[in-house]
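Me: I'd like to go through this model with you before I set anything up. Could you start with the terms, and then take my questions as they come?

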Amino acid sequence: MSAPSMSAPTHNRVILASTSPSRLSILRSAGIEPLVEPSDVDEDAAAAQLTDPSPEEFVMHLAESKARAAWRRREEEGRNSPSDVLIGGDSMLLLDGKLQGKPYTVEETIARWQQQRGKVAHLVTGHSVIYQGESRVEAAVTAVHFGFVSDADIRAYAQTNEPLLCAGAFTLEAIGGWFIDKIEGDPSSVIGLSLPVVRRSMEHFGLRVSDYWNL
């Protein structure tokens, strides 16, 4: 009696090359339960490959580096399927002409908020979507109007630890939402992943996003 053959996946798969809870939450709320594939990219080494990039070029390069690393590892291990779509992303805040990433510490979060309160900055999110080894890269830029937050609220927010691992030291969808007066642009890109950008990328490959919903 021969062994049963392994069946193909029952649905098309999206692979998220990120461990960001916000990016995972965005996809889940939009009908997709992705496989999470950490990228394990040295961001400093990837950044050193560029010479005088624009903010958009910088985050797109990091997103592409993360996506490519995850795709190559899956390819080498024979885990890619022809219908798989892999998404990599990277976000940074452009404030006063300088890109800022994650603050990591309470002290740095406080310093960032004291600098950015009452100002308008731009959250720049790079996306790399890979399908059958071909990638499409695009950046989304959204204006963020920060409220003029008191020192007491800044310290209280920093001590929640919520913003420590967030680009720009804030969230839009959680506690940080109290301190964001307005945004101009795509709200999902501020959270970490632009659904319109991902949809356009999938359409570029002739795919329908609805075919990847896990409903």
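Reply: Two strands pair if DSSP finds at least two bridges between them, and helices (H or I, at least four residues) and strands (E, at least two) are DSSP runs numbered from the N terminus. This is a predicted model, in which local features need pLDDT of at least 70 and side-chain atom pairs count only at pLDDT 80 or more, while totals for chains, interfaces and linings use all residues. Residues are numbered from 1 along each chain as its sequence is written, and side-chain values use heavy atoms, with hydrogens and water left out.

Me: OK, which residue stands opposite His145 in strand 7?
Reply: That is Lys182; strand 6 and strand 7 (residues 180-184) run antiparallel and are joined by four bridges.

Me: And how many bridges pair strand 5 with strand 6?
Reply: Twelve bridges, in the antiparallel sense, between strand 5 (residues 120-131) and strand 6 (residues 134-146), with His122 opposite Ala143 of strand 6. The hairpin of these two strands has two residues between them, and Gln132 there takes a positive phi near 50 degrees.

Me: Switching topic, how much space lies in the largest pocket?
Reply: About 850 Å³, where a pocket is an open set of points on a 1 Å grid over the protein atoms alone, where a 1.4 Å probe fits, with protein on both sides within 12 Å along at least five of seven lines, and lining residues have an atom within 4 Å of a point. The volume is the space filled by probe spheres set on the points, which are joined across faces, edges and corners. Of the 36 lining residues, the closest to the centre are Arg23, Lys66, Lys102, Leu165 and Ala167.

Me: Which element gives the most to that lining?
Reply: Strand 3, with four residues.

Me: What about Leu207, buried or exposed?
Reply: Leu207 counts as buried because its relative accessibility is 14%, and buried means under 20% relative accessible area (1.4 Å probe, protein chains only). Leu207 lies in the segment after helix 7 (195-204) and, not counting residues up to four places away in sequence, touches Val85, Tyr131, Met202 and Tyr212, contact meaning heavy atoms within 4.5 Å.

Me: How far apart are Leu207 and Lys102 in space?
Reply: They are 33 Å apart, C-alpha to C-alpha, and 105 residues apart in sequence.

Me: Last one, what pLDDT does the chain average?
Reply: The chain averages 93, and 95% of the residues score at least 70, pLDDT being the predictor's confidence in each residue, from 0 to 100. Over residues 1-10, however, the pLDDT is below 50, and this stretch has zero contacts in the model beyond near neighbours in sequence.

Technical notes. Buried means under 20% relative accessible area, exposed over 50%, partly exposed in between (1.4 Å probe, protein chains only).
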